[in-house]
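Trainee: I have a structure open and some questions about how its chains meet. Can we go through them one by one?

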Amino acid sequence: MNNQRRTVLKSGSGAALLGILASAGIITPGMALAEWNKAAFDAKSMADTLKALGAGTPTESKDVQVTGPDIAENGAVVPVGVTSTLPNVTMMAILIEKNPNALAASFTLPEGTEANVQTRVKMGQTSNVYALVKSGDKFFMATKEIKVTLGGCGG
Amino acid sequence: MAANPMKIRASNKDGVTEVKVLISHEMETGQRKDASGAIVPAWFITELTAKHNDRVVLGAEFGTAVSKNPYLAFRFKGGAKGDKVTVSWKDNKGETRTDEAAIA
């Protein structure tokens, strides 16, 4: 990073170079945040996201459910929920396979909080939506395809 | 801006408190372009914590894929009428907001 800084200073066109660095993804606005799992949220593919979450290869489970519409007319607001009947659920996440970044949200559930969370997400296009649930030390997941008739990413 | 308060509804039924939160936030993805073709910078909530009195009942991390004006619903065991539920969030610009509601 120091070397980069020197180059920037020397070149005398710091702003332009900073712009290039920013667009190359080297500097991002989220960098300063410590707790937020940047690697997981920046990961593009499902596999990378699961890796960043430390989930490895989750087992498909019918005790995990993705709730949501079969067809979403507006991709900008798709109600999605995750429920599970598994015991000791400590973490849940919503992943959307075909979004630019697969991970939409993750939740930490302390003891006493039910494995039942609903939110609303954006979907760029028709995609499989995955619910990832951590029960004990193991990860489980479930899938639901949600068809999107109007994308939620600017379009 | 972060000026608008969150709408929080918490209700207790049979020993389980259901909390519904509606947050006022742009949740800009950083993928949209404005009329001149410049990318609108990402601006979204990254972290959210919900507490019942002083006990954390839910932690959440959001990506850009969470909808504008995020909605969140969850349930936890316990809670009594009049207890406080506090929700606070932080966005990628470092802005924060905390609001509270009493369980009905």
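**Where chain B meets chain A**

Trainee: How many salt bridges does the rule find across the interface of chain B and chain A?
Mentor: Keep in mind that this is a predicted model. The rule asks for a side-chain nitrogen of Lys or Arg within 4 Å of a carboxyl oxygen of Asp or Glu. Across the interface of chain B and chain A, the count is one salt bridge.

Trainee: Which element gives the largest share of the side of chain B that touches chain A?
Mentor: The elements that give two or more residues to this side are strands S2 (16-22), S3 (45-52), S4 (55-62) and S5 (71-77) of chain B. The largest share is eight residues. That share comes from S4(B).

Trainee: How many residues of the side of chain B that touches chain A are nonpolar?
Mentor: Chain B brings 33 residues to the contact, and chain A brings 32. On the chain B side, nine are polar and eight are charged. The nonpolar ones number 16.

Trainee: How much area do chain B and chain A bury between them?
Mentor: Carbon and sulfur atoms hold 51% of the buried area. There are also 18 residue pairs in polar contact between the chains. The area buried between chain B and chain A is about 2,600 Å².

Trainee: Which residue stands opposite B:Leu72 in S5(B)?
Mentor: Strand S7 (residues 113-121) of chain A is joined to S5(B) by four bridges. The two strands run antiparallel. Opposite B:Leu72 stands A:Thr119.

Trainee: Within chain B, which residue of S5(B) stands opposite B:Lys20?
Mentor: S2(B) and S5(B) pair over seven bridges. Their sense is antiparallel. The residue opposite B:Lys20 is B:Ala73.

Trainee: Which residue takes a positive phi in the hairpin of S1(B) and S2(B)?
Mentor: S1 (residues 7-13) of chain B pairs with S2(B) in the antiparallel sense over seven bridges. The hairpin has two residues between the strands. The positive phi, near 50°, belongs to B:Asp14.

Trainee: Is B:Thr64 buried or exposed?
Mentor: B:Thr64 is in the loop between S4 and S5 of chain B. The residues it touches include A:Asn101, A:Lys122 and B:Phe44. Its relative accessibility is 17%, and the cut-off is under 20%, so B:Thr64 counts as buried.

Technical notes:
Residues are numbered from 1 along each chain as its sequence is written. Chains are lettered from A and ligands numbered from 1 in the order in which they are written. This is a predicted model: local features need pLDDT of at least 70, side-chain atom pairs count only at pLDDT 80 or more; totals for chains, interfaces and linings use all residues. Side-chain values use heavy atoms; hydrogens and water are left out. Contact means heavy atoms within 4.5 Å. Buried area is the accessible area (1.4 Å probe) that two parts lose on being put together, summed over both. A polar contact is a pair of N or O atoms within 3.5 Å; within protein, one must be able to donate a hydrogen and the other to accept it, and residues adjacent in sequence count only if both atoms are side-chain atoms. Ala, Val, Leu, Ile, Met, Phe, Trp, Tyr, Cys and Pro count as nonpolar, Asp, Glu, Lys and Arg as charged, and the others, Gly among them, as polar. Two strands pair if DSSP finds at least two bridges between them. Buried means under 20% relative accessible area, exposed over 50%, partly exposed in between (1.4 Å probe, protein chains only). Lists of a residue's contacts leave out its neighbours within four places in sequence.
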